[in-house]
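Q: I am new to this structure. Could you help me learn how to read it?

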Amino acid sequence: MRTMRAPGSVVQSSTDQAGEMSKSHDPWQDAMDHAVAVARKSGEIIREAVQNQDRSSLVQTKSSAVDLVTETDQKVEQLIIQSVKSKFPSHRFIGEESVSSGELCVLTSDPTWIIDPIDGTTNFVHGYPFVGVCIGFAVNQQVEWGVVYSAIEDKMFTARRGRGAFCNGRPLQVSPQTDVHRALVATEFGSSRDPQVVDKIFSSLRKVLSLPVHGVRGAGSAALNMCAVALGSVELYYETGIHIWDFAAASVIVTEAGGVLRDTTGGAVDLMSRRVVAANNETIATRIISELDVYSPERDDGAPHGAPHGAPHAPHGAPHGAPE
Ligand code: IPD
């Protein structure tokens, strides 16, 4: 078992604004501790909105009639971005609501905060109690740490690359199960209602269910499904159609809990490809991937699927062409 202090406990050192890289003994810990604090604050806002029943205030739609955004999503994203900008002015951002408002989704090698203010907005709107504040941090296009705060459950999931994964300070470990017939699998239906996409979703689901597996679940939050893999509660989660902000933070929580990440093609996961498989081990991952129908929504960075795009993860060359 790797050892690491849980973020939010003792901070090694603070850093100055211009030289966070060069002067800190531990360059990114200050940023991670800040993320934990601002995720908690965001959780307070979310809980307050749920308690005051104003969670459905100004619900608008984005890419489809069921892709929702609320005033609370926007308020929380602004809170996170403003607080980070004042402490780390040179850092960059990819935020769900900022991208929806027209900002480019570009992951450079600069330190970049990848933010989903409410992962599980549909749950939030309906008062279904699984919503995650997701903050990931990438440098050189690699996720260094991730924070996912399950606001209603008050569970703080954290992981830093090479230093383990935690929930409320308790170390996480994936399930040891290798028999797919004893696996619990999580997935989501996503927010596309294009009939061709829905057909792909159901055809994969039918094959996975009839393996058979013990069952199929879905929390309504990509990040919390991935945290369930890290907790050892489910063996695998897969989805096509998610975005970089839905799973960047949780990706390192899965790997630091001992799990593996794959593209639905079986290749290396690509943060921009909108496809992910997060599993407890290679055996379960490979078995479930062989049942999945691969399709390729438009990438988050707009690059063609299979073409070189300068992203961190190798192009996967998967079949594509299905509508989003
Ligand atoms: C969504 C949730 C949902 C998943 C979608 C995501 P949002 O995120 O994670 O479970 O199926 O693909 O986009 O819109 O609530 O942040």
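Q: By class, how many nonpolar, polar and charged residues does the shell around the ligand have?

A: Let's start with the classes: Ala, Val, Leu, Ile, Met, Phe, Trp, Tyr, Cys and Pro count as nonpolar, Asp, Glu, Lys and Arg as charged, and the others, Gly among them, as polar. Here the shell has six charged, five polar and three nonpolar residues. This is a predicted model, where local features need pLDDT of at least 70, side-chain atom pairs count only at pLDDT 80 or more, and totals for chains, interfaces and linings use all residues. Residues are numbered from 1 along each chain as its sequence is written, and side-chain values use heavy atoms, with hydrogens and water left out.

Q: Which residues are the closest to the ligand?

A: A residue is near a molecule if one of its heavy atoms lies within 4 Å of it. Of the 14 residues that surround the ligand, the closest are Asp116, Asp119, Gly120, Thr121 and Glu239.

Q: Which strand gives the most to the shell around the ligand?

A: Strands are DSSP runs (E, at least two residues), numbered from the N terminus. Strand β4, residues 112–119, gives the most, with three residues.

Q: Which polar backbone atoms does an oxygen atom of the ligand lie 3.1 Å or 3.2 Å from?

A: A polar contact is a pair of N or O atoms within 3.5 Å. A ligand oxygen is 3.1 Å from a polar backbone atom of Ile118, and a ligand oxygen is 3.2 Å from one of Gly220.

Q: What is the mean pLDDT of the protein chain?

A: pLDDT is the predictor's confidence in each residue, from 0 to 100. The chain's mean is 88, and 86% of its residues reach 70 or more.

Key: A polar contact is a pair of N or O atoms within 3.5 Å; within protein, one must be able to donate a hydrogen and the other to accept it, and residues adjacent in sequence count only if both atoms are side-chain atoms. Helices (H or I, at least four residues) and strands (E, at least two) are DSSP runs, numbered from the N terminus.
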